[in-house]
Amino acid sequence: MISFEIPETIEKTVTMIEAVATEMMRPQARYYDEHEHEIPWEYINFMHEALQSADGGVSMAPEGPKDEDEPMLGKPSIGYQGLAHYVEMLSWGDAGLYLCTPRGGLGAAAVSAAGTPEQKAKFLKRFNGDKAVFSAMAITEPHAGSDTAAIKTTAVQDGDEWVLNGEKIFVTGGHKSLVDTPGFVIVWATIDPDAGRKGIRSFVVEAGTPGCTVTKLEKKLGIRCSDTATIVMQDCRVPFENMLGTVEQKKTSEGYKGVLRTFEVTRPLVGASALGIARAALEFLVEKLAEGGFEIRYGLPRNRMTNLEAEVIDLEAMLRSAWLLTLRAVWMVDNKVPINAEASMSKIKAGDAVVKITQKAIELLGPMGYSREHLLEKWFRDAKINDLYEGTGQINRLIVARRILGYSRHELS
Amino acid sequence: MFGFEPTEEQKLLVEAVRRYAENDLRAAAHEADESGELPPDLIEKGWELGVLQASVPEAYGGFGERSAVTGALAAEELAWGDLSGALAVMAPGAYALSVLLTGSEDQKSELIPPVIEADWKPYVAAFVEPEYDFHAGEMRTTAVASNGDYLITGRKARVPFGDSAEALLTFASLDGRIEAFAVPTDAEGVQVGEREQLLGIQALPTFPVTFDKVRVPASARLEGMDASQVLASFNVAAGALAIGLSRAAYEYALDYAKEREAFGAPIAQKQAIAFMLAEMATEIDGARLMVWEAAWEIDQGKEAFKSAYLALSNAAETVMMVTDRGVQILGGHGYIREHPVERWMRNARGLSTFAGMAMV
């Protein structure tokens, strides 16, 4: 059935999160923007406790897509639909702080999506302890971004261990996952450098593992509250069972595909985060215009609108379209509808929308919009990351194009 | 709960409409556009699919319940086949559904069955006006009370089958409010002009109609006009048509790009083309979801004015972008009338002004 009725449980939680966003996140947003690399413990601890005391529906790292053979139990899950709403609202509060939300993140999402039941039990348990714990995903290398097949970090089997060597950059939350809390990082590495993408596997590297060091924290355009780390692995040994996936998968490229499935879950969630920023900017724009006595009239033909009305209406439509694409993608994940191009579509549209909306909002608010007196200029800076991480807008276009055309990466690169 | 999948019943209907759209509408579209005529059998066959009849309760001669979502799904398929044909098949809906939404019990019982129970007949709406800045909220066609009757004066445009219409549901401003009046075509003062010559939808005969102090009884005015809901329903219909037309152009361009070779490979293997297609697909899906959301709000009895307006605004933008790219991807061939993409591009431009010609 086609329905746009928000489930009551989600709606209630969103209202609770809105209070956090308004009362805690917004007031702290500027401070952490100006004090890069300071850790927002107050937010982190608050969120950890809130998530601890909340029921399972509010988890920030829900169970990943279930194995196909797992029987359906009761009602279809709405976990990811809820998550998209929560992520949107937290990012509306502040995207930098949102990225400091404990309990998982991308690392946990990868374990959820690609891990065996044993791996899930072992690695995800830590997020439910007394203290906040983080996890992260380490893919990018200095010379390999979107081209993941070109990564040079190696994993060599030595007895019942893997020995990892290499350098990872742009690890979101890497410092919090490895240094500040007893979390883990999912490291992508190749077990056969000649095999290209088929040789790529992902490994759980836990905090405190000898040979794994955080060597640098980046200084960024935006989301400054979120640490972006460089991680170096030098003869870093992890147990054999820390390779994500089953033994069978380990022998084939299924392991790689399994990890790629993570993105079908996380891309719409990045989209949701982008759209929280976009909504914040658009609301601010409309609010300031209203303060200036300018109301948007709906229902007019183009030739009867002011340019300002036309601009705002276009931005509103863009935001709605992007949000519904995001919602559809997470709905598909929850309902186990196979994702084809929809996850990347949502990411393309959300990335475009947030960049456009924040840029336009500043333009339309003139000198005031450009001032650091307001958070709008911060949102403009925060926005851009959404067109970059978890696949740039271009990579996602490539993915959508391949899927709709039925092309392999050889046929369309 | 959110849901993004039509019901089984809706899927069956969509499937039936799709077969008609492909085998009948699409097959006839080129010839119809060139000759400026839609074969009556073609319209009748589309009418017999029963999309409108299924939207009208039994009490008024139909066999179902109105659902804007279902209507939007069907409209998309029809427009995928051919926009002129879609508008022809749907034209009586603009009349009957407006009555269903806003007529009194008596008006519904009197006005709807003649539309629904027979073969397709041109009961149509006279909504659009010819001025460049036509705005539903400020119609220039006016109705004034006169000795217990109303006198309607003004000019209408884009009236489908105006020359042969049984009756015109004429929208006019009454003391600044939008009202609708069932006007017999042979009423004194109604003058149907020469058939309009348009950029697109050339197979659909549309006419300007002039009203010169046309006197109708008070009972001709639909008693419960809810302008917000009526406009939302018009906007959703036009939006859904825009989605269907977009999908037609997108699919055609995609197939062509996989076939057409340049520099030794299909042009779809070039990012310049592939990215265009990816964006077309993304925009169409987003625009469709907005149309669905507005339609769902209408069905839920929610205030859908703004969402329907935004949905059409976005869909009209999308259909122009997509059909333009449809021509672009075919290159020079796209400009030749042997391919449908130039027709779709012409048809697309009109959708921002077609609200009022069809309803879901």
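A residue counts as buried when its relative accessible area is under 20%, as exposed when that area is over 50%, and as partly exposed in between. The model treated here is predicted.

**Exercise 1. A salt bridge in chain A**

Task: Determine whether R30(A) is buried or exposed, and characterise its contact with E377(A).

Solution. 
1. R30(A) has a relative accessibility of 16%, so it counts as buried.
2. Its side chain meets that of E377(A) in a salt bridge, at 2.6 Å from N to O.
3. The two partners come from distant parts of the chain: R30(A) belongs to helix α1 (residues 8-34) and E377(A) to helix α13 (residues 376-384), 347 residues apart.
4. E377(A) is at 9% relative accessibility and therefore counts as buried.

**Exercise 2. Two further salt bridges**

Task: Describe the pair R297(A) and E309(A), then the pair D149(B) and R215(B).

Solution. 
1. In the salt bridge between R297(A) and E309(A), the closest N and O atoms are 2.7 Å apart.
2. R297(A) lies in the loop between α9 (254-291) and α10 of chain A, while E309(A) lies in helix α10, twelve residues apart.
3. With a relative accessible area of 41%, R297(A) is partly exposed; E309(A), at 1%, counts as buried.
4. D149(B) and R215(B) meet through their side chains in a salt bridge of 3.2 Å, N to O.
5. This pair joins strand β4 (residues 149-160) of chain B, which holds D149(B), to strand β8 (residues 206-217) of chain B, which holds R215(B), 66 residues apart.
6. D149(B) is partly exposed at 22%, and R215(B) is partly exposed at 42%.

**Exercise 3. An aromatic pair in chain B**

Task: Classify the ring arrangement of F171(B) and F234(B).

Solution. 
1. The ring centres are 5.7 Å apart and the planes stand at 70°.
2. Planes over 60 degrees apart count as edge-to-face, so the pair is edge-to-face.
3. F171(B) is in strand β5 (residues 167-174) of chain B and F234(B) in helix α6 (residues 227-259) of chain B, 63 residues apart.
4. F171(B) counts as buried at 0% relative accessibility, as does F234(B) at 1%.

**Exercise 4. Strand β5 of chain A**

Task: How does β5(A) pair with β2 and with β6, and how is β5(A) covered?

Solution. 
1. Strand β2 (residues 135-138) of chain A runs parallel to β5(A), joined by four bridges; A138(A) stands opposite V187(A).
2. Strand β6 (residues 200-206) of chain A pairs with β5(A) in the antiparallel sense over seven bridges; here I186(A) stands opposite V204(A).
3. Seven of the seven residues of β5(A) (residues 184-190) are buried.
4. F184(A), I186(A), W188(A) and T190(A) point one way, and V185(A), V187(A) and A189(A) the other way.

Methods. Residues are numbered from 1 along each chain as its sequence is written. Chains are lettered from A and ligands numbered from 1 in the order in which they are written. This is a predicted model: local features need pLDDT of at least 70, side-chain atom pairs count only at pLDDT 80 or more; totals for chains, interfaces and linings use all residues. Side-chain values use heavy atoms; hydrogens and water are left out. Rings of Phe, Tyr and Trp (its six-membered ring) pair if their centres lie within 6.5 Å; planes under 30 degrees apart count as stacked, over 60 as edge-to-face and the rest as tilted. Helices (H or I, at least four residues) and strands (E, at least two) are DSSP runs, numbered from the N terminus. Buried means under 20% relative accessible area, exposed over 50%, partly exposed in between (1.4 Å probe, protein chains only). Two strands pair if DSSP finds at least two bridges between them. A salt bridge is a side-chain nitrogen of Lys or Arg within 4 Å of a carboxyl oxygen of Asp or Glu.
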